[in-house]
Amino acid sequence: MVTLEKAKLDWPHLDFGYRKTDFNIRYTFKDGKWDEGTLTRDEVIPIHMAATCLHYGQECFEGLKVFETRDGEAVVFRIDENAKRFVRSARKILMEPVPEEMFIDAVYRVVNANRRFVPPHGTGASLYVRPLLLGTGAQVGVKPSSEYLFVVFVTPVGPYFKTGFKPVDIVVEEEVDRAAPLGVGDAKVGGNYAAGMRATVRAKQAGYTEVLYLDARHKKYIDESGPANFFAITRDNQYVTPESSSILPSITNKSLVALAEELGLRPERRPIEVEEIFDFKEAGCCGTAAVITPIGSITYRDRKVVYAPDGQPGELCTRLYNTLTAIQVGDAPDPHGWVRRIPPDDDR
Ligand code: PLP
Ligand code: COI
């Protein structure tokens, strides 16, 4: 049981924003090896102006959530999957990967140092963990850096979409591609998000919450949303989600596929034609930040399909959401072993 006094925050009403905490942790890769890592209160990174992350985009990141259980323990969801994906993202743009054990240890250290910012159980909030890896070597030629900085910071957050678990309106994006079929769309690298910003900003200006990207080659199949994967429930109660080389392999989606199987929803990953949206019963976005965000409507050219005419999440989105979030916060059994208790520093 943790006795540390909590930070004074309005836990149930946090948005998805940056809030200063006590510490972040930094590791440096130089002369072929990683250092031991240092906890610091400094929020600023000193960086060479010719660092490869700044001009050639040698940068990747992760996002994961820590929750407090009813018993006051800090737990993290599927951290081993984030550690693996961080390695894959780094390799894809020729950065020095962070060893998985080091990634996990870094997250544990920084969470323990910021324990008072782990939101209390039952508030709906979580401690969002943001690991990032930056190429820091000074270079002007386009080639991989030989020096790297690995930083992990944390920030307490509420829902990514400010309405929380409420249906959102989405528009199919046809003028902007987020990622190419043989590009880096399946890696969590900053450039993918930069590529999508003008689409998202324009969609918001037009009154939508987010965009749905189509595959860049055919403009025919659904890829994913800006910050999350896409899934749908067919009229015969099947969970379907796109198969594509240009989307991020979402850990939340992978978990939902497993839960959908258990709920009898016969999950299937396959190319999904955009025209199929008119036949689905329910649809949603899923991701660490988005959790499950039900889709209320999708606008495609001059047509609009409405899944939530009453403004309420659909039955199956709700079941999936309740099942997933109960496991994440330790309120339901965890038969897959997805949730790990974060051991206090002296237990490691
Ligand atoms: N797709 C994109 C583009 C994302 O940024 C994210 C967020 O991480 C996801 C999907 C969902 O992935 P995950 O469930 O692993 O958070
Ligand atoms: C996450 O879900 O963790 C992400 O990194 C998505 C991001 C756009 C907030």
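Me: How much volume does the largest pocket have here?
Reply: The volume of the largest pocket is about 670 Å³. A pocket is an open set of points on a 1 Å grid over the protein atoms alone, with protein on both sides within 12 Å along at least five of seven lines, and lining residues have an atom within 4 Å of a point. Grid points are joined across faces, edges and corners, and a volume is the space filled by probe spheres set on the points.

Me: And what sort of model am I looking at?
Reply: This is a predicted model, where local features need pLDDT of at least 70, side-chain atom pairs count only at pLDDT 80 or more, and totals for chains, interfaces and linings use all residues. Residues are numbered from 1 along each chain as its sequence is written, chains are lettered from A and ligands numbered from 1 in the order in which they are written, and side-chain values use heavy atoms, with hydrogens and water left out.

Me: How does the pocket lining divide by class?
Reply: Into 15 nonpolar, 11 polar and 7 charged residues. Gly counts as polar in this scheme, and Tyr as nonpolar.

Me: OK, ligands. Where does ligand 1 sit?
Reply: Ligand 1 takes space in the largest pocket. A molecule sits in a pocket if more than half of its atoms lie within 2 Å of its grid points.

Me: Which elements are in the shell around ligand 1?
Reply: Helix H5 (251-262) and strand E15 (282-287) are the ones that give two or more residues. The shell has 16 residues, and Tyr-193, Glu-224, Ser-250, Thr-252 and Thr-288 come nearest. A residue is near if one of its heavy atoms lies within 4 Å of the molecule.

Me: How much of ligand 1 does the protein cover?
Reply: The protein covers 96% of the 390 Å² of accessible area that ligand 1 has on its own. Accessible areas come from the Shrake-Rupley method with a 1.4 Å probe.

Me: What are the polar distances for ligand 2?
Reply: An oxygen atom of ligand 2 is 2.6 Å from a side-chain N or O atom of Lys-188. For Arg-130, a polar side-chain atom lies 3.3 Å from an oxygen atom of the ligand, and Ala-289 uses a backbone N or O atom, at 2.8 Å. Taken alone, ligand 2 exposes 280 Å², and the protein buries 90% of that.

Me: Switching topic: how many cavities does the search find?
Reply: It finds 3 cavities of 30 Å³ or more. A cavity is a set of points where a 1.4 Å probe fits but cannot get out. The largest cavity holds about 110 Å³ of space, and Lys-65, Phe-77, Thr-252, Thr-288 and Gln-328 are the closest to its centre.

Methods:
Helices (H or I, at least four residues) and strands (E, at least two) are DSSP runs, numbered from the N terminus. A polar contact is a pair of N or O atoms within 3.5 Å; within protein, one must be able to donate a hydrogen and the other to accept it, and residues adjacent in sequence count only if both atoms are side-chain atoms.
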